[in-house]
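Trainee: I would like to go through this model with you. Could we begin with its charged side chains?
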Amino acid sequence: MRFRPLSDRVVVRRVKEEEKSSGGIIIPDTAQEKPQEGEIVAVGPGSLDDNGKRIAPEVKAGDIVLFGKWSGTEVKIDGEELLIMKESDINGIVEGHKAASKRPPSRNQTSET
């Protein structure tokens, strides 16, 4: 399946957090909070201003970002859980941080900038 976000929407893959507490206790998935950090997988072409001019997005595929706890819509694409959200739901880009997953974007998803 191919998926390309429209307008100022982005596709985000949540970054997995540590599954152990500082004391070494393993925390089950049901008790863990969902991370508010993720990797941009695909980016739409940007929104349009009042004059119809395209506003380029500030994020790009591969960026690590922070977003609000309840941001985005959870979807499953090719068996992978992803979030689709507006660029305005992103609080910021984390500089100098490498993605924990280091998986390249799926060939089924495209990034348009």
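Trainee: How many salt bridges does a search of the whole structure find?
Mentor: The search finds 5 salt bridges. A salt bridge is a side-chain nitrogen of Lys or Arg within 4 Å of a carboxyl oxygen of Asp or Glu. Please keep in mind that this is a predicted model, in which local features need pLDDT of at least 70 and side-chain atom pairs count only at pLDDT 80 or more, while totals for chains, interfaces and linings use all residues. Residues are numbered from 1 along each chain as its sequence is written, and side-chain values use heavy atoms, with hydrogens and water left out.

Trainee: Which side chain does D8 meet in a salt bridge?
Mentor: D8 meets K86, at 3.8 Å from N to O. D8 sits in the segment before β1 and K86 in strand β7, 78 residues apart. Strands here are DSSP runs of E with at least two residues, and helices are runs of H or I with at least four, numbered from the N terminus.

Trainee: What about E80? Which residue is its partner?
Mentor: The side chain of E80 forms a salt bridge with that of R13, at 2.5 Å from N to O. E80 belongs to strand β7 and R13 to strand β1, 67 residues apart. Both E80 and R13 are buried.

Trainee: And where does E74 lie, relative to its partner R14?
Mentor: The salt bridge between E74 and R14 spans 3.5 Å from N to O. E74 lies in strand β6 (residues 73–77) and R14 in strand β1, so the pair ties together parts that are 60 residues apart in sequence. Salt bridges that share partners also join R13, E39 and E80 into one network.

Trainee: β7 keeps coming up. Why is it described as largely enclosed?
Mentor: Strand β7 is largely enclosed by the rest of the structure because 5 of its 7 residues are buried.

Trainee: How does β7 pair with β1 and with β6?
Mentor: β1 and β7 pair in the antiparallel sense over 4 bridges, and R9 has K86 as its bridge partner in β7. β6 and β7 are also antiparallel, over 5 bridges, with I77 partnered by E80. Two strands count as paired if DSSP finds at least two bridges between them. β6 and β7 form a hairpin with 2 residues between them, and D78 in the turn has a positive phi of about 50°.

Trainee: New topic: which residues make up the largest nonpolar core?
Mentor: That core has 10 residues: V10, V12, I40, V43, V59, V65, F67, L83, M85 and I90. A nonpolar core is a set of buried Ala, Val, Leu, Ile, Met, Phe, Trp, Tyr and Cys residues joined through side-chain atoms within 4.5 Å. The elements giving two or more residues to this core are β1 (9–14), β2 (37–43), β5 (64–67) and β7 (80–86). A second, separate core of 6 residues includes V41, A42, I77 and I84.

Trainee: Finally, how many helices and strands does the chain have?
Mentor: The protein chain has 0 helices and 8 strands. Of its 113 residues, 33% count as buried.

Terms used. Buried means under 20% relative accessible area, exposed over 50%, partly exposed in between (1.4 Å probe, protein chains only).
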